[in-house]
Amino acid sequence: MTQLSIDASPWWQSATGYQIYPRSFCDTNGDGIGDIPGIIAKLDHLRDLGIGFIWLSPVYRSPMADNGYDISDYRDIAPEFGTLADFDRLVAEASARGIRIVMDLVVNHSSSDHAWFHAARASRDAPEHDYYVWRDPAPDGGPPNGHQACFGGSAWTWVPEVGQYYLGHFSPHQPDLNWQNPSLRREIYDMMNWWFDRGIAGFRMDVISLIGKDVDAGLYEEGPYLHGFLQDMHREVLEGRDSVTVGESWAVSTDTALLYCGRDRRELDMVFQFNHVVEGWDPVHGKWKPRPFDLVAFKRVLNDWQAALANDGWNSLFLSNHDLPRQVSKYGDDGAYRVKSAKMLATVMHLMKGTPFVYQGEEIGMTNAAFTRIDQFRDVETLGHYAEEIARGVSPEAFIAGANANGRDNARTPMQWTGGTNAGFTDGTPWIEVNPNHGQVNVEADRADPNGVFAHYKELIALRKSWPAMVHGTYRPVAEEDGSVFAYLRELNGVRLAVVANFKGEDTQFDVPDALRGSGRCLISNDIPRERLDGRITLKPFEAFVLSIGG
Ligand code: GLC
Ligand code: CA
């Protein structure tokens, strides 16, 4: 890549994203629920970290069946989160700190409480009826097909007033929008433009790969109309804007990624793909029964993505979000090596080619919750599957073990600001329990420690701004079959960055591959800095470092 094309590269390639799950971030009025004034109050924390933009999980008006991923008014803010005036203030205050706001766009479905759905379910003659997906009953009066909802039960719900079933691919509270209807598409594009006019910088698009579905053909993910709709949306909303868009897809693979984010496609800038996450699931029982971590398989997935988007498209880099377990618990060690392994994971992710995303609390090494009773869980997905699994004969203990390992509530326990009452998250009763480890793991303590996790993240984010090779350098994996070490090289205009990370909590021998040999400056490390890479070296437990070698 030439200097000229680097200078012309979009801002979101060298920026770092930070995801906020508003309900769990910071509560300012004591109702136990995080709010927008709480986010504003903590913006200095994010400015200090050095992030370039916030991906804000949904703050729209919602009955909160899925904590905001069920929107009842796309042009208003949920009262528990604040007002539109609060939102405008957030955009302004963030902007004053060099931070842009990226909204979550949830348009595969609305809430069943949206005015469109109220009209749609009242009469087949309402124009909004066709905004949703309706089918006649099967000959026996039952649902049109056996499609199951992601959160449990049938995906079809009967509405006697219209004598039809509607599709709720996730749950009955989240009726699927019918993208085939041009007026519905127009409503969505107008709404997106309305938010852009309020000063946002882009959208993270929730389960966007579902919008092109062909229900009768049984095609939901990456259906036949998907890319036509995304190109339509690009033309109507995104064309000519200096924005960023990231489409979430649990189905996208390296074979289809460039259909979304290839430079000639005019659809999205990036996708959130989950191939590396699903790699860790049981092929039959899925996330509720995780399988042991396999570093070689994990590297293969991420390396394949690096290769697939090497010259076109752009990767998003993440291990955590509001739907996933805490990364230090999942891929590192949340006991004795919590701090060290949290830094190791961050180093590996931030040095890959793409835009890194930090999930709230990750920057201080927050860990999974360890709930023991089902009444401690809040997530619609966990509770929906609990009922089903228990009915299938699974014991509550076994189910809770799976939910503690991979359930979504792990990421949703309140942000741990202090070691005090409720981790400084709220003066009231938090909507979900605070992790009892907040006495040790909290922002105040971690930031006070020059060797804390926060300091490491801050350094990584700063390095990204001064080392173009970290952003734009080519990516070359090495030691791909090594089951303990993740290593690779980034290269740009003669600058070579060697990245080495030990995924094991023990001393590990590593035969330095030729491509990494050399000596130079250690840019970052979570152990004693190294200056030479040669021969056989012994890596310390969870050691990770970046060396600028030769040149
Ligand atoms: C996405 C969101 C998840 C939500 C689902 C339905 O996967 O990340 O939280 O439950 O879509 O909107
Ligand atoms: Ca509140």
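Tutor: A polar contact here is a pair of N or O atoms within 3.5 Å. The model is predicted, with local features needing pLDDT of at least 70, side-chain atom pairs pLDDT 80 or more, and totals for chains, interfaces and linings using all residues. Residues are numbered from 1 along each chain, chains are lettered from A and ligands numbered from 1 as written, and side-chain values use heavy atoms, without hydrogens or water.

Student: OK, how many residues surround ligand 1?

Tutor: There are 13 around ligand 1, counting residues with a heavy atom within 4 Å. The closest are Asp-66, Asp-206, His-322, Asp-323 and Arg-408.

Student: What's the distance from an oxygen of ligand 1 to the side chain of Arg-204?

Tutor: An N or O atom of the Arg-204 side chain is 3.0 Å from a ligand 1 oxygen. For Asp-66, the value from a side-chain N or O to an oxygen of ligand 1 is 2.5 Å. Asp-323 also has a polar side-chain atom 2.5 Å from a ligand 1 oxygen.

Student: And how much of ligand 1 does the protein bury?

Tutor: The protein buries 97% of the 310 Å² that ligand 1 exposes when taken alone, by Shrake-Rupley with a 1.4 Å probe.

Student: Switching to sheets. What's the strand order in the eight-strand one?

Tutor: That open sheet runs β11-β10-β9-β5-β2-β1-β15-β14, with parallel pairing. Strands are DSSP E runs of at least two residues, and two strands pair at two bridges or more.

Student: Which strands stand at its edges?

Tutor: β11 (270-272) and β14 (316-317). Each has a single partner strand, so one side of each lacks a neighbour in the sheet. The link from β14 to β15 (residues 355-359) is two bridges, running parallel, and Leu-317 stands opposite Pro-356 of β15.

Student: What about the six-strand sheet, parallel or antiparallel?

Tutor: Antiparallel, and open, in the order β16-β17-β18-β23-β20-β21. Here β16 (474-478) and β21 (532-533) are the edge strands; each pairs with a single strand, so one side of each has no neighbour in the sheet. Inside it, five bridges connect β20 (residues 518-525) and β23 (residues 544-549), which run antiparallel. Ser-525 has Phe-545 in β23 as its bridge partner.

Student: Last one. How many residues separate β12 and β13 in their hairpin?

Tutor: Three residues lie between β12 and β13. β12 (residues 281-282) and β13 (residues 286-290) run antiparallel and are joined by two bridges. Gly-286 in β13 is the bridge partner of Asp-282.

Note on methods: Helix = DSSP H or I, 4+ residues; strand = E, 2+ residues; numbered from the N terminus. Polar contact = N/O pair within 3.5 Å; in protein donor to acceptor, adjacent residues only side chain to side chain.
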